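Here is a walk through one model, strand by strand and then down to a few side chains. Have a look at the picture, and then we'll start with a strand pair.

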Amino acid sequence: MEGILIFPFLLFALPPDEQEITTLGDDAKIRKIPDDLLVVLRIIEGPEPGKGFQISQTPITIGRDNICTITINDPRMSRQHAVLYYYHPDFFLKDLGSTNGTFVNDRRIKQAQIKNGDKIRMGGTLFEFIMSKLEESG
């Protein structure tokens, strides 16, 4: 092993979109969405247009396999296509090595921060990411 230098920090020096997807690691930790935040992933095009999925905690896996948190019957979507996760105060979407890719606002991503109104395409399904701060009553 003499003469071999290992740089474990190198992976973290790359921009997020250039990282290889190998594991969820710390992203797999369950994170509850704050009670004053309404988060919905709504289908715009594809199977069941108009259907919405309220997100109350992450990670949320999306794909056509029944083990996913959100299962979509779309033959162009991978069995385990992508994962949505939350790091206060931001949301991120990570492609899980899907065949047809994951797109945010028509840009292919491996991993990206997403925000209110973003359009997300996985296979033949187009979603809208909706995030709204709830007003306190009283």
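## The open sheet

β5 and β7 pair in the antiparallel sense over three bridges; pairing here asks for at least two bridges found by DSSP between two strands. In this pair, Ile-60 stands opposite Leu-84 of β7. Both strands belong to an open sheet of five, ordered β6-β5-β7-β8-β11, with mixed pairing. β6 (70–71) and β11 are at the edges with a single partner strand each, so one side of each has no neighbour in the sheet.

A word on provenance: this is a predicted model, where local features need pLDDT of at least 70 and side-chain atom pairs count only at pLDDT 80 or more, while totals for chains, interfaces and linings use all residues. Residues are numbered from 1 along each chain as its sequence is written, and side-chain values use heavy atoms, with hydrogens and water left out.

## The whole chain

What does the chain hold in total?

Of the 138 residues in the chain, 36% are buried, meaning under 20% relative accessible area with a 1.4 Å probe and protein chains only (over 50% is exposed, in between is partly exposed). Take the contacts (heavy atoms within 4.5 Å) with a separation of 6 or more: residues 24 or more positions apart account for 45% of them.

## Around β13

Strand β13 (residues 125–133) runs antiparallel to β2 (residues 37–45), with eight bridges joining the two. Leu-37 stands opposite Lys-133 in this pairing. β13 is also joined to β12 (residues 119–122), again antiparallel, by four bridges, and there Ile-120 stands opposite Phe-127. The β12 and β13 hairpin has two residues between its strands, and Gly-123 takes a positive phi near 60 degrees.

## The nonpolar core

Which residues have the most contacts inside the largest nonpolar core? They are Phe-91, Ile-120 and Phe-127, in a core of 25 residues. β2, β5 (60–63), β7 (82–87), β8 (90–95), β11 (111–114), β12 and β13 each supply at least two of its residues, and the largest share, four residues, comes from β2. A core here is a set of buried Ala, Val, Leu, Ile, Met, Phe, Trp, Tyr and Cys residues joined through side-chain atoms within 4.5 Å.

Leaving out residues up to four places away in sequence, Phe-127 touches a list that includes Leu-41, Ile-62, Met-77 and Ile-120.

Asp-95 lies in strand β8. Asp-95 is buried without a salt bridge, and Arg-108, its nearest side chain of opposite charge, is 5.9 Å away. A salt bridge would need a side-chain nitrogen of Lys or Arg within 4 Å of a carboxyl oxygen of Asp or Glu; for charge, Lys and Arg count as positive, Asp and Glu as negative, and His and the chain ends are not counted.

What Asp-95 does have is a side-chain polar contact of 2.6 Å with Ser-98. That term covers N or O atom pairs within 3.5 Å; within protein, one must be able to donate a hydrogen and the other to accept it, and residues adjacent in sequence count only if both atoms are side-chain atoms.

Ser-98 is in the loop between β8 and β9 (102–104) and counts as buried because its relative accessibility is 9%. The Ser-98 side chain also reaches the backbone nitrogen of Gly-101 at 3.1 Å. Neighbours within four places in sequence aside, Ser-98 is in contact with Ser-78, His-81 and Arg-108.
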